[in-house]
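This briefing describes a single protein chain and its ligand. Please consult the sequence and the structure alongside the text.

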Amino acid sequence: MIVLRPHHILCIKQFKGYGYDNEFIKNMFNILERINKEQIIIKIDFDDICKKCPNLINNICISDSEINLLDSKVLEFLNIKLNRPMYFNEINSYLLKYLTEDTFFKICNSCSWYKKGFCDYTNFNI
Ligand code: SF4
């Protein structure tokens, strides 16, 4: 079972091999390999991506307010259900239904990766 926090369902689809450090990138590739085989549970918590992120120090995220904002916007715009195991094709159905270019902008425009130009609506292959 893969644990993801809400906004990471977008990040996983935008990932192109860049990240904070090698451990983080290796972990992202590992999750990508498993994403279509295992169930996923969406939780408001540190998740399987956070646990290899160098910004998580002593169980405190140094970008906490930015990250919490991204999670709350995903829940608001994409209607993702929390704490219920599902396969990624179900998550894709939420994206297909609710993720427009406008909602993507509203969710992601405050993210530092978006501002640096790493993420773009056209990269989604839903
Ligand atoms: S802009 Fe940020 S939150 Fe949005 S998909 Fe990219 S990394 Fe994830």
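The model is predicted, with local features requiring pLDDT of at least 70, side-chain atom pairs counting only at pLDDT 80 or more, and totals for chains, interfaces and linings using all residues. Residue numbers start from 1 along each chain as its sequence is written.

**Overall fold**

- The chain contains 6 helices and 4 strands, where helices (H or I, at least four residues) and strands (E, at least two) are DSSP runs numbered from the N terminus.
- Their order along the sequence is β-α-α-β-β-β-α-α-α-α.
- The chain is as compact as a globular protein of its length, because its radius of gyration of 13 Å is close to the 14 Å that the globule rule gives for 126 residues; the radius is taken over C-alpha atoms, and the rule is 2.2 Å times the number of residues to the power 0.38.
- The C-alpha trace spans about 35 × 30 × 25 Å along its principal axes.
- Buried residues make up 24% of the 126 residues; a residue is buried if 20 or more other C-beta atoms lie within 10 Å of its own, exposed if 12 or fewer, and partly exposed in between, with C-beta atoms placed from the backbone.
- Among contacts with a separation of 6 or more, 72% join residues 24 or more positions apart, a contact being a pair of residues whose C-beta atoms, placed from the backbone, lie within 7 Å.

**Nonpolar core**

- The largest nonpolar core has 23 residues, and those with the most contacts inside it are Leu4, Ile40, Val74 and Ile107; such a core is a set of buried Ala, Val, Leu, Ile, Met, Phe, Trp, Tyr and Cys residues joined through C-beta atoms within 7 Å.
- Two or more residues of this core come from each of strand E1 (2-4), H1, helix H2 (22-34), strand E2 (40-42), H3, helix H4 (88-98) and H5.
- H3 gives the largest share, 4 residues.
- Beyond its neighbours within four places in sequence, Ile40 is in contact with Ile2, Leu4, Met86, Phe88 and Ile91.

**Helix H5**

- In H5 (residues 101-108), the buried residues are Phe104, Ile107 and Cys108.
- These residues lie on the same side of H5 because they cover an arc of only 80° around the axis, the arc being that of the directions from the helix axis to the C-beta atoms.
- Exposed Asp102 and Phe105 sit on the face of H5 turned away from its buried side.
- The cover over the buried residues of H5 includes H1, helix H3 (64-78) and H6.

**Ligand shell**

- His7, Leu10, Cys11, Gln14, Leu70, Cys108, Cys111, Trp113, Tyr114 and Cys119 surround the ligand, a residue being near it if its C-beta atom, placed from the backbone, lies within 6 Å.
- Helix H1 (8-14) and helix H6 (112-115) are the elements that give two or more residues to this shell, and H1 provides the largest share, 3 residues.
- The shell has 8 nonpolar, 2 polar and no charged residues; Ala, Val, Leu, Ile, Met, Phe, Trp, Tyr, Cys and Pro count as nonpolar, Asp, Glu, Lys and Arg as charged, and the others, Gly among them, as polar.

**Selected asparagines**

- Most residues other than glycine have a negative phi.
- Asn79, which is not a glycine, has a positive phi of about 55°, and Asn79 is found in the loop between H3 and H4.
- Asn83 also lies in the loop between H3 and H4, and its phi is positive, near 60°.
- Asn79 is exposed, with 10 other C-beta atoms within 10 Å, and Asn83 is exposed, with 9.
- Asn30, in helix H2, counts as partly exposed because it has 13 C-beta neighbours inside 10 Å.

Notes: Two residues are in contact if their C-beta atoms, placed from the backbone, lie within 7 Å.
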